[in-house]
Amino acid sequence: MRLVLGIYILKILQQEPAHGNKLAEEIRQRTQNAYTPNTNALYPLLRRMEEKGYIVGEWDSPVRRNKRIYTITAAGLGRIPALETMLAERLKHLEWKISVLREDLLPH
């Protein structure tokens with residue numbers, strides 16, 4: 001799910017900067033409530049993506065440090081196609097596994 005979450009983060013930030021809670025809500029809405037990112041996964045991933053230079057985060061108020069607003073970088077934009085390819089391969093493999101289970105376990 002980290003790959004899915006990473007792609008969602010980059011694609012949402014491609015449209016506009018956002019803070020963590022906004023990213024989580026946008027993902028929940030776009031997946032029709034099928035996936036709500038856990039903050040225990042979201043925030044560490046945001047930090048890793050920031051360390052790798054895919055996104056940049058800045059505090060909305062440096063004094064209060066209330067919300068960290070994230071923006072995609074050129075490196076993040078360039079990373080999207082590779083992540084999409086990885087996701088397509090993983091989904092294809094999952095679809096194969098589901099078809100095997102469906103064929104074997106469910107009545108015809």
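Trainee: Is Lys22 buried, partly exposed or exposed?

Mentor: Lys22 is partly exposed, because its relative accessible area is 34%, and the class lies between buried (under 20%) and exposed (over 50%), with a 1.4 Å probe and protein chains only. This is a predicted model, in which local features need pLDDT of at least 70 and side-chain atom pairs count only at pLDDT 80 or more, while totals for chains, interfaces and linings use all residues. Residues are numbered from 1 along each chain as its sequence is written, and side-chain values use heavy atoms, with hydrogens and water left out.

Trainee: Which residue forms a salt bridge with Lys22?

Mentor: Side chains of opposite charge can pair when their charged atoms come close. A salt bridge is a side-chain nitrogen of Lys or Arg within 4 Å of a carboxyl oxygen of Asp or Glu. Here Lys22 pairs with Glu16, their closest N and O atoms being 3.0 Å apart, and Glu16 is partly exposed at 39% relative accessibility.

Trainee: How many salt bridges does this rule give?

Mentor: The count comes to four salt bridges, including that of Arg28 with Glu25 at 2.4 Å, N to O. Arg28 and Glu25 are three residues apart in helix 2 (residues 20–30), and so are separated by about one helical turn; helices are DSSP runs of H or I, at least four residues, and strands are runs of E, at least two, numbered from the N terminus.

Trainee: Where do Glu50 and Arg68 lie?

Mentor: The side chains of Glu50 and Arg68 meet in a salt bridge at 2.7 Å, N to O. Glu50 lies in helix 3 (residues 39–51) and Arg68 in strand 3, so the pair ties together parts 18 residues apart in sequence.
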